[in-house]
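Colleague: I have a chain on my screen and some questions about its fold. Can you take me through it?

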Amino acid sequence: MSLPSRRQCADLALDLRVEMEKLHPLICGLDTLGSVAHDGLRVEVAALRLQSFYTGIERCLVQISRVLNGGTPDGSDWHRRLLDRMGQATCERPAVLSGTSIAELQDLLRFRHLVRHLYAYELKAEPVERLRLQAVALWPRVREELETFQRSEEHTSELQSHSDLVCRLLLEKK
């Protein structure tokens, strides 16, 4: 695979920044929502936000994979495989996420699948509340891991020659 161009790296940096800016108020809303116990509408709101939260994280991972790995995994289980791959360093990039974050994100991936295949009124409050609290606690760690990934890409790029440049612009601020 050829190295990404400066333009691709700049686009990736912008796309990640925009996606993380969208995730922050989403997770804040999950936090301020409060307990969903004994309130069916809150269960449904939390479920939708949890689904959106995982989808936003996955968008970040897809963008990284497309630019630095040449694409996303194939097959019906590509969502799970993408998540697993983000915990592994490759010759194109360092690991993006820790094993702990991946394990917790796998819970959210399974939940997203469940939400997509159930009627909202079938959701149970207890698992939604557990995942709501988990997501609120998980976001600062995942955000930091994504930011660390961006910084490591910038550092790697600074150490490489101009012809071997890999995403030097990833962390350039607005």
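Modeller: Some ground rules before you start. This is a predicted model, where local features need pLDDT of at least 70, side-chain atom pairs count only at pLDDT 80 or more, and totals for chains, interfaces and linings use all residues. Residues are numbered from 1 along each chain as its sequence is written, and side-chain values use heavy atoms, with hydrogens and water left out.

Colleague: What pattern does the chain follow along the sequence?

Modeller: Helices and strands are DSSP runs, numbered from the N terminus (helices are H or I with at least four residues, strands are E with at least two). The chain has five helices and zero strands. Read along the sequence, the pattern is α-α-α-α-α.

Colleague: What percentage of the residues in the chain is buried?

Modeller: Buried means under 20% relative accessible area, exposed over 50%, and partly exposed in between (1.4 Å probe, protein chains only). The chain has 174 residues, and the buried part comes to 41%.

Colleague: Among contacts with a separation of 6 or more, what share joins residues 24 or more positions apart?

Modeller: A contact means heavy atoms within 4.5 Å. Take the contacts in the chain with a separation of 6 or more; the share from residues 24 or more positions apart is 68%.

Colleague: How are α1 and α2 oriented to each other?

Modeller: Axes are lines fitted to C-alpha atoms, for helices over the stretch in contact, and angles run from 0 to 180 degrees between N-to-C directions. The α1 and α2 axes are 10 Å apart, at an angle of about 165°. Angles under 35 degrees count as roughly parallel, over 145 as roughly antiparallel, 65 to 115 as roughly perpendicular and the rest as oblique. The pair α1 and α2 is therefore roughly antiparallel.

Colleague: Which hand does the crossing of α1 and α2 have?

Modeller: A crossing is left-handed if the near helix is turned anticlockwise from the far one by less than a right angle, and right-handed if clockwise. For α1 and α2 the crossing is left-handed.

Colleague: How many nonpolar residues are in the contact of α1 with α2?

Modeller: Ala, Val, Leu, Ile, Met, Phe, Trp, Tyr, Cys and Pro count as nonpolar, Asp, Glu, Lys and Arg as charged, and the others, Gly among them, as polar. The contact of α1 with α2 has five polar and five charged residues, and its nonpolar count is 18.

Colleague: How does α2 lie relative to α3?

Modeller: The two axes are 10 Å apart and the packing angle is about 70°. That makes α2 and α3 roughly perpendicular.

Colleague: Which residues of α3 meet α2?

Modeller: The crossing of these helices is left-handed. From α2 come Tyr54, Glu58, Leu61, Val62 and Ser65. Their partners in α3 are Trp78, His79, Leu82 and Leu83.

Colleague: And how are α3 and α4 oriented to each other?

Modeller: Helix α3 covers residues 78-85 and helix α4 residues 99-117. Their axes come within 10 Å and cross at roughly 165°. The crossing is right-handed. By the angle, α3 and α4 are therefore roughly antiparallel.

Colleague: Where does Glu19 sit, and is Glu19 buried or exposed?

Modeller: Glu19 belongs to helix α1. Leaving out residues up to four places away in sequence, Glu19 touches Gly56, Arg59, Cys60 and Gln63. With a relative accessible area of 7%, Glu19 is buried.

Colleague: How many disulfides does the structure hold?

Modeller: A disulfide is a pair of cysteine sulfur atoms within 2.5 Å. Cys60 is buried at 0% relative accessible area, whereas Cys91 is exposed at 76%. The number of disulfides is zero.

Colleague: What is phi of His38?

Modeller: His38 lies in the loop between α1 (6-33) and α2 (40-68). His38 is exposed, at 83% relative accessible area. Most residues other than glycine have a negative phi. For His38 phi is positive, near 65°.

Colleague: How far apart in space are Arg42 and Glu129?

Modeller: Arg42 lies in helix α2 and is partly exposed at 32% relative accessibility. In sequence, Arg42 and Glu129 are 87 residues apart. In space, C-alpha to C-alpha, the distance between Arg42 and Glu129 is 9.6 Å.
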